[in-house]
Amino acid sequence: MTTQENSNVIVNQAEKSRLNEVDFDNLTFGNIFSDHMFECDYKDGKWQTPTIKPYGPLLISPGAKVFHYGQAVFEGMKAFKDEAGDVFLFRPEKNFERINKSSKRMAIPEFPKNFFFEGLNTLLDLDKEWVRPGADSSLYIRPFVIATQVGVSASPANEYKFMILMSPVQAYYNKDVKVIIAQEYSRSADGGVGAAKAAGNYGAQFYPTNLAKEKGYDQVIWTDSNEHKYLEEAGTMNVFFRINDTLITAPTSDRILDGVTRDSVLAIAKRDGIKTDVKKLTVDELLAAYKDGSLKEIFGSGTAAVISPVCSFSYNDIDYDLVKPEDSYFTRFKKELKDIQYNRAEDTFGWRVKI
Ligand SMILES: *Cc1c(COP(=O)(O)O)cnc(C)c1O
């Protein structure tokens, strides 16, 4: 980890806010950005003084390595506003640690902690009006790093740009998701980059997901790349199965992203006395549980949608429909998580961080 002195972010404030140009009741996820953005360049072996400036386009050479070799990682986190108007982050340390873990895997220099938090806090302070009140609104925060060194030689760059953008979002409409279990394509492989939030992981997922969509499904449940036998993730979310009253999810590995929401669901379940089992669940076990009626629920977990219920899954061209139980874990965990995030419940874990 690079140890550096104080960052003392330079702030160039926007002359005029764009707040009143935004229709906050009709937002499409992540395509409007707040007034300011954070930018910090890496060159000559160190991260330079960061700046916060008005959100706007970048001038980058088309020869920059990110365009040729995809050396890029990102994060996704959110800020929430409570009824008193205070703004909170949810477990931001986790996102900070994870972006450096992802960077390391992609041969990108790690980012100093004080730069990250000073930048994020200053940015949120400037743009706090962009965190809209109400439990259906939040501000999605997108830190990312790209290789900016010019040159198409295939080697890690020696120049990078670390940025943070912020985008106001509404609650994900909880459309019941139809999924198909992967039998051909894979999201990640042993020894690969599946555990990193590398940009290319998403790019590589688009084609098989499009094929699933053409067949009428919304997402793919990824299985292991070796045998397509173990259930691993759902689209860009971690996945949970409720068999009887036990909550099952796959153990993290170099194929599985260590999700903050996944970890939080497991912690809440343990606190509330719900049985959890972190294990490799096979497709055969899933089908058997469906057939004997013990499979009650499947849901995905991730920052963007929080918890996303699956209403049916397909395997070998057969659709298996799930009936949402009245005491659904999906509803329960979604509420418990949101209550902590929006400061409506006691935070026994110390996850909320006030800005
Ligand atoms: C980001 C991500 C998740 C969810 O992680 P959270 O920290 O809960 O947002 C799950 N799977 C993949 C592949 C991801 O990229």
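**View 1. The ligand takes up the space of the largest pocket.** This is a predicted model, in which local features need pLDDT of at least 70 and side-chain atom pairs count only at pLDDT 80 or more, while totals for chains, interfaces and linings use all residues. Residues are numbered from 1 along each chain as its sequence is written, and side-chain values use heavy atoms, leaving out hydrogens and water. A pocket here is an open set of points on a 1 Å grid over the protein atoms alone, where a 1.4 Å probe fits and protein lies on both sides within 12 Å along at least five of seven lines; a molecule sits in it if more than half of its atoms lie within 2 Å of its grid points.

View 2. A nitrogen atom of the ligand is 2.5 Å from a side-chain N or O atom of Glu-233. Ligand oxygen atoms take part too: one is 2.6 Å from a side-chain N or O atom of Thr-303, and a polar side-chain atom of Arg-98 lies 2.8 Å from an oxygen atom of the ligand.

Conventions:
Polar contact = N/O pair within 3.5 Å; in protein donor to acceptor, adjacent residues only side chain to side chain. 1 Å grid on protein atoms, 1.4 Å probe; cavity = no way out; pocket = protein on both sides within 12 Å on 5 of 7 lines; lining within 4 Å.
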